[in-house]
Amino acid sequence: MTTKIEKISPKIYKVTDNDKHLGTISTYHNLFHNKYIYLKFNLSDYSVNIPFSKIVQAEHQALQVMIDSNENPIVDFLLRNGFICKRHCYTLTVNKKDLKIEINNKLSLHFFNTESPITKLSNLLCK
């Protein structure tokens, strides 16, 4: 099989395998980790090997992907294509009562939840 990747717009790559269109890979920047180019996949088949080096050459930045761990076909696809899991992120629901040590007055607390503007911005940039 011959898998090819072609940049079709500033932030979109088209993926074909033996001239069959498999979908696209979109790129974006994450405000919190801007030294990487992030990838979002919209492929019909995750069994192929993709020449990700073409994206690295075109973008001049290292690649990174942020996905839910339950997206097993994409996780397997990424591992098979040379990606390494470097970070696990978790969503927690906690409050002041959950702390083991009492907070002193010198520490400033920043309250937010899933509806806070910074959280909404982060989720928007990561999708």
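**Backbone and surface features of the predicted model**

At 71% relative accessibility, D19 counts as exposed, because the cut-off for an exposed residue is over 50%. The values reported here were computed from a predicted model. D19 lies in the loop that links strand 2 (12–17) to strand 3 (20–28). Its phi is positive, at about 65 degrees, although D19 is not a glycine. Most residues other than glycine have a negative phi.

A positive phi also occurs at H60, a residue other than glycine, where the angle is near 60 degrees. H60 is placed in the loop between helix 1 (53–59) and strand 5 (62–65). With a relative accessibility of 70%, H60 counts as exposed.

When neighbours within four places in sequence are left aside, the contacts of T27 are P10, K11, Y13, I37, Y38, L39 and E59.

A nonpolar patch on the surface is formed by Y90, L92 and V94. Together these residues have about 410 Å² of accessible area. One of them, V94, is found in the loop between helix 2 (72–80) and helix 3 (117–125). V94 has a relative accessibility of 60% and so counts as exposed.

Notes. Residues numbered from 1 in each chain as written. Predicted model: local features only at pLDDT ≥ 70, side-chain atom pairs only at ≥ 80, totals over all residues. Heavy atoms only, no water. Helix = DSSP H or I, 4+ residues; strand = E, 2+ residues; numbered from the N terminus. Buried < 20%, exposed > 50% of the residue type's maximum accessible area, 1.4 Å probe, protein only. Contact = heavy atoms within 4.5 Å. Patch = residues over 30% accessible without salt bridge, like charges linked within 9 Å, V, L, I, M, F, W, Y side chains within 5 Å. Areas by Shrake-Rupley, 256 points an atom, 1.4 Å probe, with all protein chains shown as cover. Salt bridge = Lys/Arg side-chain N within 4 Å of Asp/Glu carboxyl O.
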